[in-house]
Each structure stands twice: as C-alpha cells, then as structure tokens.
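Reader: I have a model open here and some questions about how the chain packs. Can we go through them one at a time?

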Amino acid sequence: MQKSPAAGRFAPTALMLGNLVTGCSVLAPAGMLPELSAGLGISIHAAGLLTFGAITLCIGSPLTAWLTSRIERRTLLATTLAVLAFGNLASAFAPDYASLLVIRLVMLAVGALYTPQAAGTAALIVPAERRGSTIAYIFLGWSLAAAVGLPLITFMASRYGWRAAYGGIGALGCISFLLLLLRLPAGLKGTPVDLKTWSAVGRDRTVLLLLAITMLQMSGQFVVFTFMGPLLKKLTGAGPDAIGMVFGIYGLCGFLGVVIATRIVDTWGPYRTSLLFTCLLLAGIAGWALGAGTFVLMAGAVAIWGLGFASTNSMQQVRLVAAAPPLASATVALNTSVLYIGQAVGSAIGGLLFAHELLHPLGFVAVGFVVLALVLVILTRPGPAAAA
C-alpha cells in the first residue's frame, strides 16, 4: 500500500505523542498522591500502590508482544491508545479505591504493548542509519509526560481534584488516537515473535545484562520518584505549586536530556551515550540524597537527575536493538517489562521506607541501585569492532 508523504514524515511524531499518553497514564498517581489519599480516604502509602499497575505491564509487555506480533501495527497501536484513553476516562468516574485499582490494572495490561511496539515500528519506517535517533525521539513522549504532564496533573488535581486530572489524560488519549490513525502508514508488520525467539534471548549474555541495567536504573529512580511530592512536603514544607515546579524541572531536563541523546547517539554510539547519562542519573540521585531537607539543593539535584531519566531508557532500547537486531521485537518488549518490574520494586521499597518515616534513607537506597546499574553499563562495554 502506498503511503502519503505527510503520513510517513509525521509518523514518528504520532508515535511520540502516543508515548506521551502512555507516560502520563503510568506516572499520573505520583503527581497527585495527596489528592488521591484525601479523595478516596486512604493513606499516602496505599495511594502509592496504584503504581503497582506496573506489575500488569511487566507481565503484559512480553505476552502481548508474542500474541500480537502478527497484527498490523497501525491497528495494534491505535487500539492500545483507545484502551488507554477509555481507561483514564473511566478512572475519572471510579467510585472507590478498589474500582480505580481494577481499572488501572486492566488499562495498563493492554497499554503494556505501546512503548515497545512503537519502538519496533520506528525501525520499520526509517533507514537503519536513523534508527537510533528516531527511537530516542519517540521516547521524548515520556520526557514530555514528566516535563508537561506531571506538573499539569499536579496543578489540576490540587485545584479541581484527581478526577479532572484523569479526565484530561483521557481527552489527550482520544486526540493521540486520531493522530496515529491519520499519520502512521498502514500495512506495517514486524518480525513474528515465537518461542525460539525467547529461547535465543535467554542465551544472549549481553541482552540479559542490558535488561538488568534497565531494572536497576528504574528501581533506583522509583524508590524516590513515586513519593517525590510527599517527600518534598515533609522534608522542606513545599506546597503544591512548588512540588509542581520540581516535577516541571525534572521533566524539562528529561526532555533536554533526550534531545541531547538524540543528537549525539549516531556519532558517539549507544554505549558512550548510555554511560554519560547513567553518570548524570547517579549524580542527580546522589545530590537528592545528600541535599535532602533543603529545597534548593533537592530541586537542583532533580534537574541533574532529569537529564538522565528518559535518555538512559531510550539508550537501553537503542542498545538492545543494536545488540541483537533479529531479536528486537522480543528484547524491546522485555526491556519494557523489566522497566516496570523496576518501577514496582522501587515503589515497594520506597513505600515501605516512607511508611516507617525513614525519609532520608530513601535517597541512599536509590543511589545503591543506580551504582549497580553503572557497574553493569561498564561491564557491557563493546569491543572495538562492536556497535552496541
């Protein structure tokens, strides 16, 4: 089928906006924990458990990659966005905590496939030499979710309630659904994923180490990130607007980090780019841990942390595709899976420490995870002839 030039030209942007909706859907509870707590009559810790929708994502991502690998991509991705849009709109009308949790689990179980399938689709619509920068560009959607989405979610929830925030995400999902239908070329199909593919992944040491890096990076970040708003309030007395500003700094720097990564990855290579941004991630989280209790120091640390948060993940996707191109459909799906395992592990540890008022140790636990991730990044340094 012949596609229009406009459709092909703007397809990466349509995919990127879908990641914006996915990112807002996943991150939303972190931006409005106090409002969810007050509105549903639950503790901050219990509200933080809404992030455990990540468990369905970590199971759903490889499962849906296998079950849907033969489905045409525009149909698959548009359907996923439709489910995310409907799920967020349904969340706005949830009568109680249990209903909201069930809606979220179902919504994210389907939404699990969007990010890896969007990355895989990028490989089908651009030349090989532009693949790294295009995947990084598509991940700008996650940066925008933190840079624009989270501050807006915090603003809307603090003034109009958490239901309005969910309604806004649902409306954005409807718009993104339409853009994807209009801009993504029809007839795109990836390489089918079968049981032999999973077996090959399990035997590839480099791929397994890269997946471990993703899990450690995300675990470290979500020890703190899930409870960033309440931590800022308890440690510094920050109000909703100040907390929203910190989320904005985080996301804006995340956006800047991905822009820089997109510009340099094709010349620096994925490994050196990944090493740079993992070091920035570690510096930022260490700054948070050491500056805990002083708003200016914590906000400054978040800026450095932000430079690394989305760029490290986009580089992980690029490295996995480069490490084993025939396995890309499976490895990118598994990367998303372990990303959400990391989110769940970090949120659980952070929630336990928060519930016991161990507010300062949270940062140092996060640092430990990221140090381990950095060690593995160094261990996966490619040989002189490799490009991973």
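Predicted model: local features only at pLDDT ≥ 70, side-chain atom pairs only at ≥ 80, totals over all residues.

Reader: How many helices and strands are in the chain?

Author: The chain has 18 helices and zero strands. These are DSSP runs numbered from the N terminus: helices are H or I with at least four residues, strands are E with at least two.

Reader: What share of the chain is buried?

Author: 58% of the 388 residues count as buried. Among contacts between residues at least 6 apart in sequence, 86% join residues at least 24 apart. Contact means heavy atoms within 4.5 Å.

Reader: Give me one residue with that kind of contact. What does L144 touch?

Author: L144 lies in helix 9, residues 140–160. With neighbours within four places in sequence left aside, L144 is in contact with M16, L20, G149 and F255.

Reader: Now helix pairs. At what angle do helix 5 and helix 10 pack?

Author: Helix 5 (residues 73–92) and helix 10 (residues 162–183) pack at about 165°, with axes 7 Å apart. Axes are lines fitted to C-alpha atoms, for helices over the stretch in contact, and angles run from 0 to 180 degrees between N-to-C directions. Helix 5 is therefore roughly antiparallel to helix 10. Angles under 35 degrees count as roughly parallel, over 145 as roughly antiparallel, 65 to 115 as roughly perpendicular and the rest as oblique.

Reader: Which residue classes make up that contact?

Author: There are 15 nonpolar, six polar and two charged residues. Ala, Val, Leu, Ile, Met, Phe, Trp, Tyr, Cys and Pro count as nonpolar, Asp, Glu, Lys and Arg as charged, and the others, Gly among them, as polar.

Reader: Next, helix 12 and helix 15. Parallel or antiparallel?

Author: Helix 12 (residues 205–225) and helix 15 (residues 270–291) pack at about 25°, axes 11 Å apart, which means helix 12 is roughly parallel to helix 15. The contact involves Q217, G220, Q221 and V224 of helix 12, and T278, L281, I285 and W288 of helix 15. By class, that contact has four nonpolar, four polar and no charged residues.

Reader: Last one, helix 13. How does it sit against helix 16?

Author: Helix 13 (residues 228–236) packs with helix 16 (residues 295–323) at about 155°, with axes 10 Å apart. Helix 13 is therefore roughly antiparallel to helix 16. M228, L232, L235 and T236 of helix 13 meet F295, M298, V302 and W305 of helix 16. By class, this contact has seven nonpolar, one polar and no charged residues.

Reader: Which residues of helix 13 are buried?

Author: M228, G229, P230, L231, L232 and L235. Just after helix 13, G237 takes a positive phi of about 75°.

Conventions:
Residues numbered from 1 in each chain as written. Heavy atoms only, no water. Buried < 20%, exposed > 50% of the residue type's maximum accessible area, 1.4 Å probe, protein only.
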